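Work through the exercises below with the sequence and the coordinates at hand. Each task is followed by a stepwise solution.

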Amino acid sequence: MSITVNSISKRYTIGSHEPKSVLQQLLSVGGTSTQKRTLNVLSDISFELRPGEILGIVGNNGCGKSTLIKIVAGILQPDSGSVTIEGRVVPLIHLDTGVKARLTMKENIYLAGTLLGMTQKEISQKFDDIVRYSGLDSFVHTKWYQFSDGMKQKVVFSIGIHSNPDVLLLDEAFSAGDEAFRLKSIETISAMADSGVSILMVGHNLGSMAACCDRTLWIDGGVVKLQGKSAEVIAAYKKL
Amino acid sequence: MTKKYFTDFFRLGWRLALVDFKLRNEGSYLGNVWYVINPLLLFGVLYFVFVDRIVSEIENYPAYLIIGILMFNFFSRTTLELTGIIRESMLIKSFAFPRESLVLSVVIKHLLAHLFETVVFFALLTFLGISFLWVLLYVAIALLFAAFVYGVGLILSSVTVYLVDLGNVWQFFSFLLFFATPVFYVVEQGTMVLAVNMFNPLYHFFTVAREIIVYETLPSSMSIGIVLAAPIITILVGQIIFNRCKGRFAELI
């Protein structure tokens with residue numbers, strides 16, 4: 001197995017601040033006026049992902065999809081349960097945080113590549129392929145803040161797929177790109193899976209998810225509501 | 001910690017440091033000259049304020065003062081930035097990488113600036129009769145000092161995630177430290193200030209640097225011992241604290 005997720009659970013302690021007047025704020029200095037409650041984000045989640053398989057995760061906002069993918073990526077730690085991963089994991093989550101607005105596209109490719117575990121030599125060797133795949137050859141020396149969201153997504157997705165992943169984790173990978181790039185990305189993901197890369201996808205673009213994923217996991221309220229063939233699970237999710 | 005963890009730690013620390021070093025003065029007319037202007041102004045103010053009172057008491061006071069200012073500035077700037085480096089880093093929410101590399105990147109960035117300042121000021125020191133050979137030895141002292149600052153940074157950066165007030169406390173503490181440590185004055189034997197400074201690692205780093213570079217004498221074995229031990233102890237303690245804290249960084253920021 002590339003990924004084995006065994007009965008993981010995750011709780012968050014959430015604080016809620018009630019609006020206060022200036023006098024009330026001054027009087028409460030030093031005291032803890034925040035009310036806290038515990039939220040079970042994930043409860044007893046288990047699944048496996050084989051080499052070359054694409055697994056989709058769907059669910060409403062706040063159901064725990066992003067928390068789950070971050071636990072698999074090693075960004076968050078589960079309160080209980082375990083995650084076993086074989087091979088190099090490349091998470092593409094909140095991609096814009098791995099780059100700097102004042103750097104050029106070229107400089108950001110080197111920065112994001114390093115964050116994804118690539119060496120300087122690897123990045124240099126793949127640099128032309130990364131730029132070519134993004135289709136933004138004429139913007140290599142343009143500052144990042146001048147890029148549109150779609151352009152940024154093309155570059156970062158291109159870096160991710162060229163970083164030799166054994167396991168690719170995608171969170172909302174098709175949220176900003178144009179239709180041509182979305183179709184190209186779906187083709188690439190399928191080709192990567194054919195070559196043995198395991199892919200875990202989280203997203204709300206159900207058309208893309210249905211086209212890409214072999215199996216889909218529907219999470220609702222932190223628990224697995226349904227899992228199975230993508231067409232069946234997504235059809236059931238749409239009925240909700 | 002695996003070999004890959006260490007490789008990623010150094011590679012990412014270096015890359016982030018270079019990026020921040022480049023971006024710091026981007027668009028600025030004077031660019032890296034700002035690194036020199038700040039200590040130069042402080043040197044000018046302190047020198048002219050104390051020219052009548054201290055200068056005659058301390059041999060080669062300009063060199064004594066320059067070393068104090070440069071080393072204290074490095075410590076102060078780096079640790080102040082480190083109090084917020086984890087708390088303000090969105091990278092932690094998106095990538096699984098050695099968290100310590102964020103601390104390393106800040107230390108390397110300020111060390112590069114510090115060495116840049118040092119080259120400029122030490123060129124001046126050679127005119128004040130300081131041997132360039134001893135000046136080269138400062139690089140070794142600066143690396144030990146940077147290792148000590150890295151250890152302090154591991155503690156500050158991780159604890160601040162849980163205790164946000166520590167950032168403000170440290171800012172005030174740094175201000176006090178500037179006056180408590182002999183940056184611009186000399187401590188007399190048998191005074192309370194000297195007794196307190198025996199427990200202050202900064203005092204021993206400054207003393208070792210000044211003894212070797214300015215006065216070309218061998219520092220006391222106690223100061224040398226503290227300069228060698230302080231980085232090891234702070235890194236060990238810092239790493240233990242950092243390891244205990246880092247598991248929840250992505251949740252708490």
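Predicted model: local features only at pLDDT ≥ 70, side-chain atom pairs only at ≥ 80, totals over all residues.

Residues are numbered from 1 along each chain as its sequence is written, chains are lettered from A and ligands numbered from 1 in the order in which they are written, and side-chain values use heavy atoms, without hydrogens and water.

**Exercise 1.** Determine the strand order of the open sheet in chain A.

*Solution.* Strands are DSSP runs (E, at least two residues) and helices likewise (H or I, at least four), numbered from the N terminus; two strands pair if DSSP finds at least two bridges between them. Step one: the six strands run in the order S5-S6-S7-S3-S8-S9 of chain A, with mixed pairing. Step two: S5 (89–92) and S9 (223–229) of chain A are the edge strands, each pairing on one side only. Step three: S3 (residues 54–58) and S8 (residues 215–220) of chain A pair in the parallel sense over four bridges. Val58(A) stands opposite Trp218(A) in S8(A).

**Exercise 2.** Describe the largest pocket and its lining.

*Solution.* A pocket is an open set of points on a 1 Å grid over the protein atoms alone where a 1.4 Å probe fits, with protein on both sides within 12 Å along at least five of seven lines; lining residues have an atom within 4 Å of a point. Step one: the volume, the space filled by probe spheres set on the points, is about 880 Å³. Step two: 32 residues line the largest pocket, and Ala73(A), Gly74(A), Ile75(A), Ala96(B) and Phe97(B) lie nearest its centre. Step three: the largest share of this lining, four residues, comes from H1(B).
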